[in-house]
Structure formats: C-alpha cells, structure tokens
Amino acid sequence: MADLTAPQFTDANAARQALEAVRWPNGPVCPHCGSVDDNVTKMEGKAHRPGLYHCKGCKGQFSVTVGTVYERSHIPLNKWLLATHLLAAGKKGTSAHQLHRMLGITYKSAWFMAHRIREAMKDTSTEPMGGKGQHIEADETYIGNKPGVKKARSTHHKHAVFTLVERSGKARSFHVDKVTAKKLAEITRNNVSLESTLNTDEALRYVKMGKGFKGGHQVVNHSKGQYGLGDHTTNSVEGFYSIFKRGMKGVYQHCSEAHLQRYLAEFDFRYSNRATLGVSDKERATKALKGIEGKRLTYRRINERTATPSLG
Ligand SMILES: [Zn+2]
C-alpha cells in the first residue's frame, strides 16, 4: 500500500500533475485533434482554472481529465486518485461504503466513482490468451440471486459467470445468460489461442470445445476425487473464484445483474496484475490510471440505464 498521505492523494494540483505525468509522459496531447508540442500551450493566469491547455490545431481547450472516466466530476482529482489506488490495491477491493467514509463524500458519489474506476480497469486488449506450451483453465460459477426466480437446489436462480485463466497469467471473466457448450465455445474461441492446452473439469459441455485445442484437453475428474494430477488441474481458475466469491460476499454484498460484468472486470484486473506476477500496488494503480482513457462513452450508456444506485 502506498503512502495515503502523499501529495497526489491530498492535494488536487499535485494529483493533476501526477495524472499528467502518467497520461502524457512526452507532454500534453490534445484529446480533440491529437496536436502536441508547440501547438499546445498552457493557459496561465487567474482567469483560467489550473491545468487548462489551449490547442492551436483545433482552437479548443482541454485538461488532463477530458475523454476519461474522471471527466466532468465535481469530486476533487486527488480523491479520484486515492479511490483508484484503493480499488487497485489489496485482493478483495474496497466497497462504496468504505470509499464514502474514507473520502468524505456521499455514498452515491462513492458508488458512481467506483463504477467508473471499474470501467477504467476493463481489459480492452484483443490479444488471445495462452499459446503454444501454455495452459488455459476454463470453469464456470454461479453467484447472487436473480430477482423473482424461485430459489432451487439447481442454479437457475443465480447469475452465471464463465472464466478463462491463463495459468501463471491473466484472467478474463464473462457474465453469461446461460451456460451452454455453444456459448462457452464461442467466448473461448474469441479469447484464447487454440495452440494452448485446455484444462477443465469433467463437464460434458467442454468435450467438443476441447477437441479444437492443438495442445490437447486435460480433464480433472472431481467426482472421482481427483484434485489435480501433475498439470491436469483447474487450481488457478478455482483460486480466482475463491477470491471473487469472498470479495463479493464480504465487500460488495449485493450486486445486480446490470453491474456484474463491471465487478468481474475489477476482479480480473487485480488477478491479472497480481503481486505474484511481480506487479506492485503502485504499478497496478498506475495501470488503472492509464485505463481511464476512452471509456467515458461506455460508462455514460450504462449510467443512463442505472440512474439510481443500489447497494453494491
Ligand atoms: Zn486540438
């Protein structure tokens, strides 16, 4: 954990400079037209709020938060940086209630901030996971309760999640309507290199999918009491679900279906940038700061449908 009394967490100007250094390592870039260097000048003087730049290229003005999930917020930038750090650090995340208390802002503001930061954490890379000689573990789990669906011993009343974990690497999770062989195969094809070896449990839905993997399909038979023989394991994806479930239960309590994919993005992000892969809390927070760009529109669309915050 970084020093939470550091200037970028307590002072809005210091926060702005810290964010400029992360977003613009080679100097400011106009978010409207891409102009740089001499075409961009800092607007000095009392008439302007600090951090404002003028662009000769498009005659526009901008600051470092334009085009990011922090844009047009009344929350001071140092609180944004602190909230981003808190959500990026640790294993299980930080609830909107904790942010509300720690940052001295309303619960509603804290809730919206946390969801914007989750957007920043979303993995937008299209590079396939795995590859020759690498293992991909796939599994599904169920969480929460669908409103209005009777609780049963089966899983129909719960939300289904499908996760792909690159052994000793990153995780990608997907909220799916229904767990079907077709759906899981489609997600897997779009995210994984078929040169990899697939590792799953004995569920029949993986049989056909597994045949497509050049590295083969290794199956763990849990019903026969097998919990991993050599590298025939699904221990990584089970470990991921264990952190996810403890986090959702302990920190987030209730999570509606509309927001589940964003919570998954948050848990994927921390897992994919975990300490055992050599990523420090500070590096993880910096990575989240780099992700604030270009996600504003996505957020707005989601925001419009969910004007009223609920718990979680
Ligand atoms: Zn411009």
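Visitor: Which residues have the most contacts inside the largest nonpolar core?
Guide: Leu81, Ala83, Leu99, Ala110, Ala114 and Ile117, in a core of 59 residues. A nonpolar core here is a set of buried Ala, Val, Leu, Ile, Met, Phe, Trp, Tyr and Cys residues joined through C-beta atoms within 7 Å. Buried means 20 or more other C-beta atoms within 10 Å of the residue's own; exposed means 12 or fewer; partly exposed is in between; C-beta atoms are placed from the backbone.

Visitor: Which helix gives the most to this core?
Guide: Helix H3, residues 77-88, with 8 residues. Helices (H or I, at least four residues) and strands (E, at least two) are DSSP runs, numbered from the N terminus.

Visitor: Where do these coordinates come from?
Guide: This is a predicted model; local features need pLDDT of at least 70, side-chain atom pairs count only at pLDDT 80 or more, and totals for chains, interfaces and linings use all residues. Residues are numbered from 1 along each chain as its sequence is written.

Visitor: Back to Ala110. What does Ala110 touch?
Guide: Leaving out residues up to four places away in sequence, Ala110 touches Ala96, Leu99, His100, Leu103 and Ile105. Contact means C-beta atoms, placed from the backbone, within 7 Å.

Visitor: At what angle do the axes of H4 and H5 cross?
Guide: Roughly 120°, and the axes come within 8 Å. H5 covers residues 107-121. Axes are lines fitted to C-alpha atoms, for helices over the stretch in contact, with angles from 0 to 180 degrees between N-to-C directions. That makes H4 oblique to H5. Under 35 degrees is roughly parallel, over 145 roughly antiparallel, 65 to 115 roughly perpendicular, and the rest oblique.

Visitor: Which residues make the contact?
Guide: From H4, Ala96, His97, Leu99, His100 and Leu103; from H5, Tyr107, Ala110, Trp111, Met113 and Ala114.

Visitor: New topic. Where is Lys91?
Guide: Lys91 sits in the loop between H3 and helix H4 (96-103).

Visitor: Is Lys91 buried or exposed?
Guide: Lys91 counts as exposed, because it has 12 C-beta neighbours inside 10 Å. Lys91 touches Ile243 and Arg270, not counting residues up to four places away in sequence.

Visitor: How far apart are Lys91 and Lys146 in space?
Guide: 26 Å, C-alpha to C-alpha, and 55 residues apart in sequence.

Visitor: And the whole chain: how many helices and strands?
Guide: 11 helices and 8 strands. Of the 312 residues, 35% count as buried. The C-alpha atoms fill a box of roughly 75 × 45 × 35 Å, taken along the principal axes.

Conventions. Contact = placed C-beta atoms within 7 Å.
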